[in-house]
Amino acid sequence: MHRIHRHTANCRNVAKHVQEQLDYGLSSGAYRKIKEHLERCPKCTAYLDSLKKTVFLYQRYPDPHVPKRMRQRLFAVLNLH
Amino acid sequence: MPLSELELIRQAQRGDERAFTRLVSHYESLVYGFAFKVCRDKELASETWQDTFVNVYRKLHQFDGRSKFTTWLYTIVVNNCRMKRRKSKLEVASVSIEAPGGFHDTRGTDDEGRGAQTTIPPWKETPLDAVMHSELKGVLDSAIQKLPMDYRIVFILRDVEGLSAEETGRILKLSVPAVKSRLRRARVFLRERLNPYMTT
């Protein structure tokens, strides 16, 4: 029980900072302990991976093209030629 | 800001219509893309796009060049997205991020909304091909439409458009810690909504 409790506490601690990894990477010495935890904790690793994939999927979502008629309509509204 | 772009803005501010149309041409994709990402609806994005450039045309004299032009532009399009939301079903579509089913979706979760004792199934590989299939698009649209507007805008500005926390804060008149807090909650919210699709 003690080991499980300690493990959970570490995961909670990592959870607070894991998103920093998304923003700044783990190169900083300040995040070395988080990196060490991730290397031995499949749960936190899977969680971080899923957060990364969440962001990645929205980044990959293609932008629609601007229809030509929109520009024509705008310039008509503004009375521009 | 490149000098040529600033000069283009100055010419448009002096009433040069060709300079203004060149500005529209230069920024139309940025505005339409952002509006679509927020609205998830081409018609609403189109209306937001037009409202934004009408505002730009009428308020361009207020731009003093001290901030980046894109920061000023994002401020206008964000305001128009918010106004459009108030007039549409987008208001109804989103749920409270604090409500059950929102950010804290299960009992006994930790600060990131994870069940402390549960396992976390790995997500399947994300598609690397250029064409994102329509089923996945539908899942992504549905998830982000449930995210409250204030969180949605932070997520799009930071994680999708790639703006810094400082610039996002200037656009939304939020502190950097507030931007970071909303971004983290938004990511967790979206992750929870995508989880059933990405683990089956």
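**Note on the predicted two-chain model**

1. Chain B has a mean pLDDT of 85, with 80% of its residues at 70 or more; pLDDT is the predictor's confidence in each residue, from 0 to 100. In residues 99–108 of chain B the pLDDT falls below 50, yet this stretch has 20 contacts in the model beyond near neighbours in sequence. A contact requires that the C-beta atoms of two residues, placed from the backbone, lie within 7 Å. Where pLDDT is low, predicted coordinates should not be read in detail.

2. This is a predicted model, in which local features need pLDDT of at least 70 and side-chain atom pairs count only at pLDDT 80 or more, while totals for chains, interfaces and linings use all residues. Residues are numbered from 1 along each chain as its sequence is written, and chains are lettered from A and ligands numbered from 1 in the order in which they are written.

3. The model scores are ipTM 0.84 and pTM 0.84. Chain A contributes 32 residues to the contact and chain B 38. On the chain A side, two or more residues come from each of α1 (2–24), α3 (42–60) and α4 (68–77), and α3(A) gives the most, with 14 residues. Helices are DSSP runs (H or I, at least four residues), numbered from the N terminus.

4. Within chain B, the axes of α2 (residues 17–39) and α4 (residues 69–86) come within 10 Å and cross at roughly 35°. Axes are lines fitted to C-alpha atoms over the stretch in contact, with angles from 0 to 180 degrees between N-to-C directions. Among the residues making this contact are Tyr27(B) and Phe34(B) of α2(B), and Leu73(B) and Lys84(B) of α4(B).
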